Amino acid sequence: MADDSKIGNVLYPVADVGAAAAFYGESLGLATKFTDGDRFAALDAGGVTLAIAGEAEDVTGGTPAASFKVQDVSATVRRMIDAGAKVVRGPEEGPHEVRAVVEDPWGNPVVVYSPRRNNP
């Protein structure tokens, strides 16, 4: 891989982050790794994170998507465009990361992200 990309999480947009985290925690035994109020919850799904995104963090318009952790979001987006992807949301700074959303040539959303450099 050109940039040591890896799936960092699988994003599930939901209307109620707390209820969704409780559902997956109780029904599948997934431990909570991180929460940010009603914005976001990260659950340990054994080698990949289940990312529960509330309305404020739903970058895919309600569609589940694989999220790839990359070193350079802008460079990765350029490579994906060159390979046939379409930009849905250009690189932007979120509360915890820099992220972008592209659509692969088959119409599937793909999120790419990297930690913010100045993240406290």
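A salt bridge here is a side-chain nitrogen of Lys or Arg within 4 Å of a carboxyl oxygen of Asp or Glu. With that in hand, let's walk through this predicted model.

**The sheet and its helices**

UniProt, in an unreviewed entry, lists residues 6-115 as "domain: VOC". Over that stretch the chain is 20% helix and 46% strand. An open sheet of 8 strands runs in the order S2-S3-S4-S1-S5-S8-S7-S6, with mixed pairing. Its edges are strand S2 (31-36) and strand S6 (86-93), each pairing on one side only. From one strand to the next, the twist averages 25°.

S2 pairs with strand S3 (residues 40-44) in the antiparallel sense over 5 bridges, and Phe40 in S3 is the bridge partner of Asp36. Helix H1 (residues 17-28) lies across strand S1 (6-13), S3 and strand S4 (49-53). Helix H2 (residues 73-82) packs on the sheet too, touching S6, strand S7 (97-103) and strand S8 (109-115).

**The charged pairs**

The whole structure holds 8 salt bridges, among them these:

| Pair | N to O distance |
|---|---|
| Arg39 and Glu57 | 2.2 Å |
| Glu97 and Arg99 | 2.8 Å |
| Arg99 and Glu92 | 3.4 Å |

Arg39 sits in the loop between S2 and S3, and Glu57 in the loop between S4 and strand S5 (65-69), so their pairing ties together parts 18 residues apart in sequence. Arg39 is partly exposed, at 26% relative accessible area, whereas Glu57 is buried at 7%.

Arg99 is buried, and Glu97 is as well; Glu92 is partly exposed, at 24%. A network of salt bridges links Asp36, Arg39, Glu57, Arg89, Glu92, Glu97 and Arg99.

Definitions and conventions: Residues are numbered from 1 along each chain as its sequence is written. This is a predicted model: local features need pLDDT of at least 70, side-chain atom pairs count only at pLDDT 80 or more; totals for chains, interfaces and linings use all residues. Side-chain values use heavy atoms; hydrogens and water are left out. UniProt positions are given in the numbering used here, feature names are shortened, and annotations may be inferred rather than shown by experiment. Helices (H or I, at least four residues) and strands (E, at least two) are DSSP runs, numbered from the N terminus. Two strands pair if DSSP finds at least two bridges between them. Axes are lines fitted to C-alpha atoms, for helices over the stretch in contact, and angles run from 0 to 180 degrees between N-to-C directions. Contact means heavy atoms within 4.5 Å. Buried means under 20% relative accessible area, exposed over 50%, partly exposed in between (1.4 Å probe, protein chains only).
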